[in-house]
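Dear colleague,

Please find below the structure that I am handing over to you, followed by an account of what was found in it.

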Amino acid sequence: MKDKIEEIKKEFREKISGVKNLNDVNELKVNYLGKKGAISELTTYLKELPNEEKKDFGKLLNELKTEVSSVIEEKIKSYEELALNEKLKNESIDVTLPGTKIKSGAPHILEKIIEDIEDVFMSMGYDVVDGPEIEEDKYNFEMLNIPKGHPARDAQDTFYLSGDEILLRSQTSPVQIRTMLSKGGKEPVRMICPGKTYRRDDDDATHSHQFVQIEGLLVDKAVSLSDLKGTFEVLAKHLFGSHTEIRLRPSYYQFTEPSVELDISCFKCKGEGCSLCKNTGWITVCGAGIVHPNVLRNCGYDPSIWTGFAFGFGAERLAMLKYGIGDLRVFYQTDLREVDAFDRREQEND
Ligand code: DAH
């Protein structure tokens, strides 16, 4: 009996020294300590022994059991520790490594320039107002001094929605009319209105059937062209740098008299002449003028008391100039590479 126990002990010691992983140990555990394991078998056998042998044999068997189970538990523990350390090693985070940049959204470059322009005008006391994109002919044309059949209408090839009364506004100038009407001819007005406008243009690098105009209107007493010039100087210097100069050239619009074209000195060549300014040193950015007395009258303002200036410009054109963008269509394509390029250009500009 003793020999049998010694044999098992020896065999166990050999086997346990050869285990390679936790599975091997668990297998040994089943083989030695499991219900049908070697030690359990001996325990069953012990019950059949005569009482005088039971004591010695029981003691030896107990010693064997204690050794086997403690060695096995120790081995299991050490393998578990090893596995845990390995896991911790793999999961450890090097906090000094540079993080992965998460792409985040940002306002569109066109939106940014509109907000920038709004801020400049708000700082001068202007309200930012909104108007309908589906407009009536009378606001889009008639009350702006452009009666039916007037040739000026041809220049704004308009989308009519029903008959010849309802249209997609071809300019933001109708918002001038709506704003003045809302004041009842009694109060001064200072407003800008950025908004979408529509014309039946074929889309190319410099034309689009939909574009953003920013309309502006100031009505008060004794307003002159020099007020317009001063106001635009503030905007131009803010957008294109403090060296930027302004000049006015005569022009013609039905809703202003006199009408002007507003040029800024070329911010690229500083007036020397380059491809951007077509060697003139100047870039046209805006149509403007002194509000026509007929327009004031149409909106209930007495032109012998009130005067005003108005202006309208394309937001895309300003953004193209400011960020050196050659094709207007990129503003309306959902190409994230272009958006990234806008961001890069803006950082370069800053
Ligand atoms: N509405 C004009 C256009 O679309 C732009 C414009 C010119 C607006 C002169 C004005 C202005 O208010 O005074 O071409």
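**Sheet and aromatic contacts**

In this predicted model, isoleucine 134 has leucine 168, a residue of strand S4, as its bridge partner. Strand S2 and strand S4 (residues 166-168) are paired in the antiparallel sense over three bridges. They belong to an open sheet of three strands, with the order S2-S4-S3 and antiparallel pairing. Strand S2 (134-136) and strand S3 (160-162) each have a single partner strand and stand at the edges, so one side of each is left without a neighbour in the sheet. From one strand to the next, the twist averages 40°.

Turning to the aromatic residues, a search of the whole structure finds eleven aromatic pairs. One of them is the edge-to-face pair of tyrosine 45 and phenylalanine 57, at 6.3 Å centre to centre and with 85° between the planes. This pair links distant parts of the chain, twelve residues apart: tyrosine 45 lies in helix H3 (residues 38-47) and phenylalanine 57 in helix H4 (residues 51-91). Tyrosine 45 is partly exposed, at a relative accessible area of 38%, whereas phenylalanine 57 is buried, at 4%.

Tyrosine 301 and tryptophan 306 also form an edge-to-face pair, with 5.4 Å centre to centre and 85° between the planes. Tyrosine 301 is buried, with a relative accessible area of 1%, and tryptophan 306 is buried, with 7%. The charged end of lysine 221 sits over the ring of tryptophan 306, 4.9 Å from the ring centre.

Finally, ring pairs join Phe121, Tyr126, Phe232, Phe309, Phe311 and Phe313 into a cluster.

With kind regards

Conventions
Residues numbered from 1 in each chain as written. Predicted model: local features only at pLDDT ≥ 70, side-chain atom pairs only at ≥ 80, totals over all residues. Heavy atoms only, no water. Pairing = 2+ DSSP bridges. Helix = DSSP H or I, 4+ residues; strand = E, 2+ residues; numbered from the N terminus. Axes fitted to C-alpha atoms, helices over the stretch in contact; angles between N-to-C directions. Phe/Tyr/Trp six-rings, centres within 6.5 Å; stacked < 30°, edge-to-face > 60°. Buried < 20%, exposed > 50% of the residue type's maximum accessible area, 1.4 Å probe, protein only. Lys NZ or Arg CZ within 6 Å of the ring centre and 35° of its normal.
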